[in-house]
Amino acid sequence: MPQCGIPWPVPNPGPDRPQPIVPMLDIQALRQDPDRYRKAMRDKGYSEDPVLRALDLDARRRAAVTALQEYKERANALSREIGPLMKEGRRDEAESARAETGRLKGVIREAEDAARGLETELERTMLEIPNAAHESVPVGRSAADNAIPFTFGSPRAFDFDAKPHWELIERHGLVDFERGAKVTGAGFPFYVGKGARLQRALVNFFLDMATTVGGYTEIEPPVVVNEASARGTGQLPDKEDQMYEVTRDGLYAIPTAEVPVTNFHRDEILPEDALPIRYCAYTPCFRREAGSYGKDVRGLNRLHQFDKVELVQIVHPSKSYEALETLREDAERLLQRLELPYRRVVLCTGDMGFTQTKTYDLEVWSGGQERWLEVSSVSNFESFQARRMMIRYKPKDGSKPEIVHTLNGSALALPRIVAALLENNQQADGSIAIPEALRPYTGFDRIG
RNA sequence: GGAGGGGUGGCAGAGCGGUUGAAUGCAGCGGUCUUGAAAACCGCCGUGCCGCAAGGCACCGUGGGUUCGAAUCCCACCCCCUCCGCCA
C-alpha cells in the first residue's frame, strides 16, 4: 500500500490506451495571453511564428467546428422526427425527412474533414511551442548566461599529480570497459569488486536518504515502457533517437526513471489530499547518446547504460515552486553528505529544455579532470507533462478536476558521482578514501 | 504459445437499434438532525469542445462499417483477466 493514500490497486488504468499526440500547452491559455507565449518563445531562442500560426489555425478551426455542429444539429433533429412519423403512418413526410438527412450526411462528412484537418494542423503547431520559463529564470542565450547562486566546498588543491578517474579505475580494477565493449558494446561497462560494491552503496545511500529525510515512497518500476508512456513524459514524438527500442514488442528502454514513475498515475484523477505525492526510484538508464563523441565521453563521463536514483513529485499547482526547492535540497543534501564540492546552476531561458519552466543543474567538481560534471537536473514542468498524461486531482470542494504539476530531479546519477569521488578523494599513494557517510554502506573506508 | 471471458461515469455495476449521456449502489459536495461525531434523511454530482448567452455538438477500449438513427449490429486492432503450457 503506497503511503500517499492513493487507491490501490488502481482500477482499470488501461495502460496502453493509444494516446493522441496531445499538445502540452493549453490552447485557451494561449488565446488569452498570446504575448506571454511570444515572449517565452523569444526567451528560449525560438521563433515566435508558431504562436501566430496557432492563433490563426485556432480561429479557423472554431469557425469550422461551429459550421459542422450546425449541420449535425439539423440532421439530428430530422432523424428524431422519423421514428414518430413512421408510427403515425405519415410515410411521405418520413421519406422526405429521410432523404434530407441523407443529403446532409455528405455535407457533414466534408465539414468534418475540414475541421479535422485544421485540428490536426493546430495540434502539430502547438507541439512546436515550448513551455514558458518561470519569471525567476534569467533570460539568456547559452550556458554562459546561466546563474550560479551557490557553491558548496571548494576544489581540492592537490600536492601531487591528480589522476583522472579512468586511470584510478584501471589501477584498482573497479570498472571493466573492455569486457563491457566485448559483451555488449562501448558505453556498457562492468563494475567489478569494490567498484560494484561502491555502486550498490551509493544506490542504497541515496534511496535511504530519500525515503527517510526526504519522505519519498520507494518505487521499483519497469525499465522498459510502452509508447503511450514515452509520449506522456515527452520522449516521443521527437526524441526517439535517444532511446533504445524493442521494436518487436513496441517497447522502449527507459532513458530515466522519470518516464515510468511519472506515468504511474497517467490517466488518473487523484484525491486532493493525496498531494503532494513523492516517489523515489532506482533504475538503470539507457541512452543511445547518438552523435555525442569527443573527450567528455571518456571513462564514466558518458555511458549508454548508467544507474540513477530519481525523485518525482506530483503536486498541487499552487505548490510546485516550493516543491522545486525541496527537490533541489533533497539532491544537494546528498552531495553535501558525500563532501563533494558542487555548484548550483540556474539554467537561463536559452539553455533550458523545451518542457521545463525552471531547471537547476547541480554540477560536481571533478578534481582529476578539473571540470564540473552535471550530476543532477531538477526541474519543474508545471502542467506540461501532466496535461499530456491527464494526471488530475479532484479538489476537496467537489469542483472539477484540475491538472496537477509534475517535477523531477536526479538524486543522483551514479557514474559521475563515482568519477568525482575517486578523483577528489585520491591520495598521494594512489588509494582512495571513502567519505564518512558512505562507509556503513561500502563496508570499507578506502580503496587500495 | 493454446483456450475462454471481458473493456460503460471517481469506483462498482445495469443497459444490448430511437427522450439512455446512460439505471442502481458506493465515494464526493451541500443541507437537515446532533453538544460534537457517526447513523439517518433531503438535494447536487462525468468529460471535452463551440457559443456572450440560451443552447448545441461529441464521447460507453481504438479505428472503420451497416442504418434516417448505434453504448447497443458487423469488421479490424489494442488492452486486461482466468485456465493450460513454458519459464527466472
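Predicted model: local features only at pLDDT ≥ 70, side-chain atom pairs only at ≥ 80, totals over all residues.

Modeller: Let's start with a helix pair: helix α5 (residues 165-172) and helix α12 (residues 414-424) have axes that come within 9 Å and cross at roughly 80 degrees. Axes are lines fitted to C-alpha atoms, for helices over the stretch in contact, with angles from 0 to 180 degrees between N-to-C directions. Helices (H or I, at least four residues) and strands (E, at least two) are DSSP runs, numbered from the N terminus.

Colleague: And what does that make α5 relative to α12?

Modeller: Roughly perpendicular. Angles of 65 to 115 degrees get that label, under 35 is roughly parallel, over 145 roughly antiparallel, and the rest oblique.

Colleague: Which residues meet there?

Modeller: From α5, His-165, Leu-168 and Ile-169; they meet Ala-419, Leu-422 and Glu-423 in α12. Contact means heavy atoms within 4.5 Å. By class, that's four nonpolar, one polar and one charged residues. Ala, Val, Leu, Ile, Met, Phe, Trp, Tyr, Cys and Pro count as nonpolar, Asp, Glu, Lys and Arg as charged, and the others, Gly among them, as polar.

Colleague: New topic: sheets. What's the order around β14?

Modeller: β8-β14-β15, an open sheet with mixed pairing. β8 (269-271) and β15 (402-403) are at the edges with a single partner strand each, so one side of each has no neighbour in the sheet. Strands pair if DSSP finds at least two bridges between them.

Colleague: How does β14 pair with β15?

Modeller: Strand β14 (residues 392-394) and β15 pair in the antiparallel sense, over two bridges. Arg-392 stands opposite Ile-403 in β15.

Colleague: Last one: where's His-304?

Modeller: In the loop between β9 (277-286) and β10 (305-315). A polar atom of the His-304 side chain lies 2.7 Å from the backbone oxygen of Arg-287. For the backbone oxygen of Arg-288, the distance to a polar atom of that side chain is 3.2 Å.

Colleague: What else is His-304 in contact with?

Modeller: Leaving aside neighbours within four places in sequence, its contacts include Ala-186, Gly-187, Phe-188 and Tyr-244.

Notes:
Residues numbered from 1 in each chain as written. Chains lettered and ligands numbered in written order. Heavy atoms only, no water. Polar contact = N/O pair within 3.5 Å; in protein donor to acceptor, adjacent residues only side chain to side chain.
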